[in-house]
Protein chains: 4
Amino acid sequence: MGEKKTGLGRARMEWARVHQRIMNEICRDFSAKRPFEGLTIGVCLHVEPKTAVLCSVLAEGGASIALTGSPGTTQDDVAEALAADGIAVYGRRADGRSEHAGNIRSVVSHDPDIVLDNGADLVAAVLASESAHRRLRGGTEETTTGANRLREDFARELDFPVIVINDSPLKSIVENQFGVGQGVVEAFMHATNLMVPAKHFVVIGYGFCGRGIARSLRSFGARVVVVEVDEVRALEAVLDGMEVRDLEEVLTWGEVFVTVTGRAGILRRAHFERMRDGAVLLNAGHFSWEIDVESLRTLSVETETFSTDIEGFRMASGRSIYLLARGEMINLAASGGNPIETMDLGLALQARSLARIATRGDELSPGPLPVPDDINREVARQMLAALS
Amino acid sequence: MGEKKTGLGRARMEWARVHQRIMNEICRDFSAKRPFEGLTIGVCLHVEPKTAVLCSVLAEGGASIALTGSPGTTQDDVAEALAADGIAVYGRRADGRSEHAGNIRSVVSHDPDIVLDNGADLVAAVLASESAHRRLRGGTEETTTGANRLREDFARELDFPVIVINDSPLKSIVENQFGVGQGVVEAFMHATNLMVPAKHFVVIGYGFCGRGIARSLRSFGARVVVVEVDEVRALEAVLDGMEVRDLEEVLTWGEVFVTVTGRAGILRRAHFERMRDGAVLLNAGHFSWEIDVESLRTLSVETETFSTDIEGFRMASGRSIYLLARGEMINLAASGGNPIETMDLGLALQARSLARIATRGDELSPGPLPVPDDINREVARQMLAALS
Amino acid sequence: MGEKKTGLGRARMEWARVHQRIMNEICRDFSAKRPFEGLTIGVCLHVEPKTAVLCSVLAEGGASIALTGSPGTTQDDVAEALAADGIAVYGRRADGRSEHAGNIRSVVSHDPDIVLDNGADLVAAVLASESAHRRLRGGTEETTTGANRLREDFARELDFPVIVINDSPLKSIVENQFGVGQGVVEAFMHATNLMVPAKHFVVIGYGFCGRGIARSLRSFGARVVVVEVDEVRALEAVLDGMEVRDLEEVLTWGEVFVTVTGRAGILRRAHFERMRDGAVLLNAGHFSWEIDVESLRTLSVETETFSTDIEGFRMASGRSIYLLARGEMINLAASGGNPIETMDLGLALQARSLARIATRGDELSPGPLPVPDDINREVARQMLAALS
Amino acid sequence: MGEKKTGLGRARMEWARVHQRIMNEICRDFSAKRPFEGLTIGVCLHVEPKTAVLCSVLAEGGASIALTGSPGTTQDDVAEALAADGIAVYGRRADGRSEHAGNIRSVVSHDPDIVLDNGADLVAAVLASESAHRRLRGGTEETTTGANRLREDFARELDFPVIVINDSPLKSIVENQFGVGQGVVEAFMHATNLMVPAKHFVVIGYGFCGRGIARSLRSFGARVVVVEVDEVRALEAVLDGMEVRDLEEVLTWGEVFVTVTGRAGILRRAHFERMRDGAVLLNAGHFSWEIDVESLRTLSVETETFSTDIEGFRMASGRSIYLLARGEMINLAASGGNPIETMDLGLALQARSLARIATRGDELSPGPLPVPDDINREVARQMLAALS
C-alpha cells in the first residue's frame, strides 16, 4: 500500500474537487470541447481551494490564466499549487491595497480576451488600457457591488457584455440561504462550544442569508427572534415560526446577536450599554462594519482574549460582551466558508457564463447582464443530478 | 482600557465557566456551606476546561484535591492552570497505560475521603490499599463501564456507596441526545466543509446519541436512513420520519456513514467492498472500534491525507473511502466535545452527588447507587432556570 | 346568564369575524372615513363566512352592495344573513351556469361605481352595457384567470383601472404557501383518519401551494417525494430535504398522491394502471381536472363509497385506488377552506384596493394593475401586529 | 362497472380495515391457527370501526364473541354491522350508566373463557359470579385506570392473568405521542378553521400526549409555551425548543390553551378571569374534567353557539372565551379519533395478548401483567414492515 504525499494546498484542492460534482462534469465537457482554446482569461477571485478548482477547469478548457486574489484572503499554499500547474498567479496573503492594485495591473498586462471580475477591479483596469480594452470580448462579475459599479461608473464605456453571477436567484437560494445558513450555525458552534437548543438568538435581517440562519437555528431547537424592517419579510419570518421584534425590545432577552443586513452600524453603543451580561455578538454579513467594534472597545474597561475567535469586553458596570471573529463574516473567519457543494453551483455558473462569452459573446448585448436562463436551468439540473 | 493577559488553559476554563451557570450557582452554595471542609477528594477525569471548573468548585467547597486524567486526553495547559491553583495534578497528555497506573497510585496515596472515579480505577486502587480503604467514605463513578466493573469485580468488597452518574436519565437526554446530537453534526460540518441538506446519511444505532444525531441531520434537510436492530427503537425512528433499513441495503445509497452503537466492527471489510466511491465514514460511539480501520487500510492500495481529520483510502477498484478523525469519536477528536451547557449538567450531578457522600454518606447503602431523585430534580430545575 | 340565539349563517360569520383582525381594524377605519359614501359596489365572490365579512365591512364604509356568488359554492345560510343586513344578494347554491349569468346581469343592473370581480364576469357584463360602463370607476379582480382574460379579451376596451389581487407576492406566501399548506394536510387527515408520520406522499408541483403542503407533511414526519419539472423549484425542494423524482419512478412507492400543478390530466390512466393497491389520490389544485377521474371510473370494475369524501375504485387486477373529495380541491371540498387568518389578509388587500379605486382611482392608469406597494406593506404590517 | 352498496357502518369498518395492516396479517395467522377455537371472549370496548375490526379478527380466529361498548360512545351503525356478522352485541349510543351495567351482565352471562376488559367492569362482574369466575382463563385490560382498579380492589381474588395493554411503552410512543399528537392538532384545525403558524399555544402537560401535541404544533410554525411541573419533562421541553412557563405567566399571552395532564380543574375560574379576549380552550386529556366548564358557565353573562364544537362565553368585562367540544377529548369529540394505523398497533397488542391467554395462559402468573416482551417486539416488527 502506498502513501501519497501531497502538498497541503493541493490536498485541500483535491478534497474540494471530489465534492464539486458539477465542476467535474463541466471539466469533462470542457476537456472535450476546449471552448477557451487560444484564449487568455484574467481572473480576480479569492484564492482558496474551491475557486482554485474553477481555474483548473478553465485551464482544462484550453484557457491561459492570469490570476490574482483579494487583499488579505489569498491562501498561499493554494496559490503555490496553482502556480506549479502553470497558472500565472499574482499576490500573497500579506498583500495590502497597493500590492493589490499592482496585481490587477499584472493580470491585465496579459491582455486577456475574457475577465472573471470581482468588484469590477479588472474591468476598471482594462478600460484604462487601450490595448487591453481593444482585445477584451467580455466577462463575468461575481459581486453585486461590482455590478453596481459597472452600472454607475462605467455605463458609458462598457461596450462588451458582463454577466453578473451574484444576481442569479438560483445562487441566492443555494449559496446564500442554504450555504450561509449552514456555515454560520456551524461556525458559531465550533468557535464557542455553546449549546444551540434553548438558546436565545436574535437574528437581525431576514434576507436569504438571515432566513437560512434563522431556520437552521430554529430547527436545531433554538429560540429565535428576528429583527427585520421590511414588512413582507418580517411577516414571512412570523409565519416561519419566528418571533419578530424591534431590536430595542430584545436587548436584555438575547444571548446571541447575529447581524446579516448588509448595512453598517447595526449593533452600536446604545445597544451594547443595555445588553445582558454574557451577550455574544457575531456578524454574518459580507462586511465587518455591521457591529461597531470600535465603540465596543471604547466602552470597555478591560478586554480578554479567550481564543483566536473569542474576545471579551468588560464594561465599567461589570457586564461582559463577547465578540466572535473580530466582527468579520464568521463562516469565513472562523470556519471553512460556505459548504463545498453550495460553492460548486456558483462556480459552475461562472464557468458556463465564461464559456458563453467565449463562444457566443458576440450575440450578447453590451453591459451588465443576468445569467442566461438556459445556464441557470442547466446548472440547476446538474446540481439536482449530483444530489440524487 | 486594560488588556488582561491570561494563559491559554486558564482562558479556556474561564470561557467554559461563564456558561456553566449551574456550576456557578453550586459554587456560590459550596462557598457558603463548605461541604468538603477538611476532606480530600481523589479525582480521575478527563482534564479539560469544563471538568477543570468542577475541580475548582469542589476546592471552593473546602476540598483538597488530587487529580489525574485518562491516558492521552489530558490537556496540559489546563493541568498547569489547575496546578497553579494548588490542586495536586498527576499526569500529562503523553502518558501511556503504565504512567496512568502510576498516576492512579499517586492520587490514592493522598488517602482520599471521597473519590470521583472514571472506569473504577481509583476504587480498584483504594481496595488494594488497606489504609486508603479504611479512610474512604464513598464516591461517584462517571461511566457505565465503571459501574459494571463495580458490580462484577468488586461486589463483595464494596462496603461504601458509589453513586453512578452516567445512568441518570436526565444526563442521557441532555448530554447524549442533545449534546452529542449537536456536537457530531458540527464536527462533521467543520471537518469536511460538506453540505448537509440533501446529503444521504446512514446513522447506525438509534439510542439516545443516534437519535440526537439523526434528528439534527434531518432537521437540517439531510436525508437520513437509520439502521437499528431493536424493533421498538426502529419503529420510533420510522415515526420520527427516518427510513429504517438493513445496512446491506444502503451501502451504495449512503454518502456518509455514522456509527453510534457501542459495539465493535460495525463497519467492516464486507461493507467497504460495496460502498460507493466517495463514501465518508465517521464514528460517534465511545470507542474507536466501531469502524474496522485495519481492514480499510489492508483493502486500500493507496492512502492520502487531506487534513488532520480526513484520510482517503483508495481501493484497487479505483473507488475511494474517506475516514474522519481516524475513527475516533468525532465530536471530541475533531471539535471541542459536547457543548458546555450539556456538560454543565453532568458535572453538576457529580458535584451534588459528591456533596451528598460528604454530608450524608452514612445514610446511603453500600455499592453502586443511582443518582438520588432529589438531586436529579434539583439539577434539572437549575438547568431550567439557567435556560430561561 | 343569557343564551344568544343566532342563525347558523350569522354564527359562522361571527366566528370568522372574531379572527379577522385586519378586517376589524379596517372596519374601524372605514366607519370613521366612509370611503364608499354614496357609491355602489358590485361584488362577485364565493359567498361564505369570511367573504361575507368583507361585504359587511364595505357596507360599514358607506357602500351599497349588490352581490352574487359562483355557481355551486354559495352558502345559503350566509347569503340569508347578508340579505337581512340589507345587502342585495343574487343566487343560491343550486344555481347552474345560466342562473349565474342572470345573477351577474342583476348585479350590473345596479349600475355599480366599482366592481369586485372574480374571473372577469362582472367586467364583461359592464362592458356590454353602455350605461354601466359610463358609470364605472374601476375595480379589483380576485383571480389570475380573470386577469388573463382582461389582458387577452378586453385589453382595448378597458379604460378603467383593475387591481389584480391574486398576483400579490404577499398573498402567495400567506394564502398559498401557509394557508393551503395547512388546509390540505388537515383535510387529508380529517377525511381519511390516516396517520401522516412515515407515510409515503408524492406531491406533484412545488409552487407556493405545493411547497406549503410538502413542508407541512415533512415536518409532521411524512416521507415526501416531490415531482416538479421546473429545475430551479426542484432544486429548492431537494435542499428542503425532499426527494425529487419523476412520477413514473414512484408509482408503486407512493401511498398518497397530491396534485397541485394547475394543469389538467396530471394523474391519468397510465399511472392508475401501475399504482400500488390502496393508493389514495387527492387534488389541491384550483380545478378538479388534475386527476382524470373519468379514466379511473372506466378502468374500474367496481366502485364503493366509504364516506362523503372517499370513493374506492376496484380494478380488474384486484387492486383498489381511493379518490378523495371527487378530485375537487380537497381543502375546500372536505374541510373549511383556507384558515381564517390567511384569508383575512387577502380580503384586506381587496378592501384597501377597493378604497383606493374609490378615493384615488383617477390617479391610476387604466387596465390590470398590481396591488400598490404601499397597500401590500400596510396590510403586511397589520397582519404582523395581529399576530404579535 | 358495478357499484357496491354497503351500509355506512360496514363501509367505515372496511375503510379502517384496508389500513389496519398489522390486524390483516394477524387475521391471516388466526384463520390458519384458530387459537380461539371453541372459546368465548367477552369484550367491553368502544364500539367504532377500528375496534370492530378487532372483533372480526377474533371471530376469524375461532372465537364466539359477546360485546358491549361504553356508555355514550357506541356507534350504532357499526354495532349493527357486527350483529349481522353473528356477534352478540349489547348496548346502544343512548345507553346510560344503568343500561351499561345491564350490558356488562349480559356479556358475562355468556360465561366467557377470556375477557377483553375496559376499566375492569367485566372482571368485576365475573368475580361476582361463581360460574363465570370458574370458567375464566384470564384476559386483557385496555386502560391504566382499570389496571389500578385490579391492583387496588381485586388484588386478593384475582387468580387469573390479566395483561394490561396501555402500559406498553410501545403503545405510549405510537398511540399517545404520535396518534394523539396528530389527532389533536387536526381536530383543532378542523373545528376552528384557524391558522396554526404564529399562533400562541399553551400546552399544559408534557407527557407522551402533550409532547406529541406540542411538537406537532411547533413543527407547523406555532409558538408553543409548555406548562409542566415535573422538572425533567420540563427540561426536555425546553431542549425541544419550547418555552416553559408557569400558567399564571402566560394567561394573557396565550391564544389557545390545551390541557393534557390527566388531572381535574387545570383551567379554572382564576385563570378564566385573566385570559385575553378571544382565548380558545380545548382538552386533550382522557377525562373532560381538566377544564372547569361549570365555572366558565357561571362567570359568563351570555353564551353563544358558533358550531357543534364551538361555544362562546361572554364575561361581564366584555371579553369572550371559546370552548371547543364542550371540554371533551377533542380528537375523539370533534374528529375521527386516533389515526387508524396508530390504533392498529394497540389492537394488535390486544389480539396477540388474548391469543397468549388462550394458548399459554396457564404459564402466566395471576394478576395484572405487562404485555410480554416478545409480543411487543413482534408487533413493533409488524408495524415496521407495514410502514416500509
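1. Two strands count as paired if DSSP finds at least two bridges between them. Helices (H or I, at least four residues) and strands (E, at least two) are DSSP runs, numbered from the N terminus. With those terms, strand E1 (residues 2–4) of chain A pairs with E13(B) in the parallel sense, over three bridges. Within that pairing, Thr303(B) in E13(B) is the residue opposite Glu3(A).

2. On provenance: this is a predicted model, in which local features need pLDDT of at least 70 and side-chain atom pairs count only at pLDDT 80 or more, while totals for chains, interfaces and linings use all residues. Residues are numbered from 1 along each chain as its sequence is written, chains are lettered from A and ligands numbered from 1 in the order in which they are written, and side-chain values use heavy atoms, with hydrogens and water left out.

3. The interface of chains A and B. Here 57 residues of chain B are in contact (heavy atoms within 4.5 Å) with 57 residues of chain A. The two chains bury about 4800 Å² between them, and 57% of it is on carbon and sulfur atoms. Buried area is the accessible area (1.4 Å probe) that two parts lose on being put together, summed over both.

4. Among the elements giving two or more residues to the side that touches chain A are strand E1 (2–4), helix H1 (8–19), helix H9 (169–192) and helix H15 (340–360) of chain B. That side has 24 nonpolar, 19 polar and 14 charged residues. In this count Ala, Val, Leu, Ile, Met, Phe, Trp, Tyr, Cys and Pro are nonpolar, Asp, Glu, Lys and Arg are charged, and the others, Gly among them, are polar.

5. The interface of chains A and D. Twelve residues of chain D are in contact with twelve residues of chain A, and the two chains bury about 950 Å² between them, 51% of it on carbon and sulfur atoms. On the chain D side, Arg218(D), Arg223(D) and Leu239(D) lose the most area to chain A, together 49% of what that side buries. Two salt bridges cross this interface; one of them pairs Arg223(A) with Glu243(D), at 2.9 Å between the closest N and O atoms.

6. The sheet of chain B. Seven strands form an open sheet with parallel pairing, in the order E4-E3-E2-E5-E6-E7-E16 (chain B). Strand E4 (88–90) and strand E16 (367–370) of chain B are its edges, each pairing on one side only. Strand E2 (residues 40–44) and strand E5 (residues 114–117) of chain B run parallel and are joined by three bridges; Gly42(B) has Val115(B) as its bridge partner in E5(B). Helix H5 (residues 97–108) of chain B packs on the sheet, touching E2, strand E3 (64–68) and E4 of chain B, and its direction makes about 170° with that of E3(B). Such angles run from 0 to 180 degrees between N-to-C directions, with axes as lines fitted to C-alpha atoms, for helices over the stretch in contact.

7. A link within chain B. Arg10(B) and Asp85(B) meet through their side chains in a salt bridge (3.3 Å, N to O). Arg10(B) is in helix H1 and Asp85(B) in the loop between helix H4 (76–84) and E4 of chain B, 75 residues apart.

8. Two residues of chain C. His133(C) is in helix H7 (residues 130–135) of chain C, and its side chain is joined to that of Asp159(C) by a polar contact of 2.9 Å. Trp253(C) is in the loop between strand E10 (243–244) and strand E11 (256–259) of chain C. Leaving out residues up to four places away in sequence, Trp253(C) touches residues including His200(C), Arg223(C) and Arg276(C).

Note on methods: A salt bridge is a side-chain nitrogen of Lys or Arg within 4 Å of a carboxyl oxygen of Asp or Glu. A polar contact is a pair of N or O atoms within 3.5 Å; within protein, one must be able to donate a hydrogen and the other to accept it, and residues adjacent in sequence count only if both atoms are side-chain atoms.
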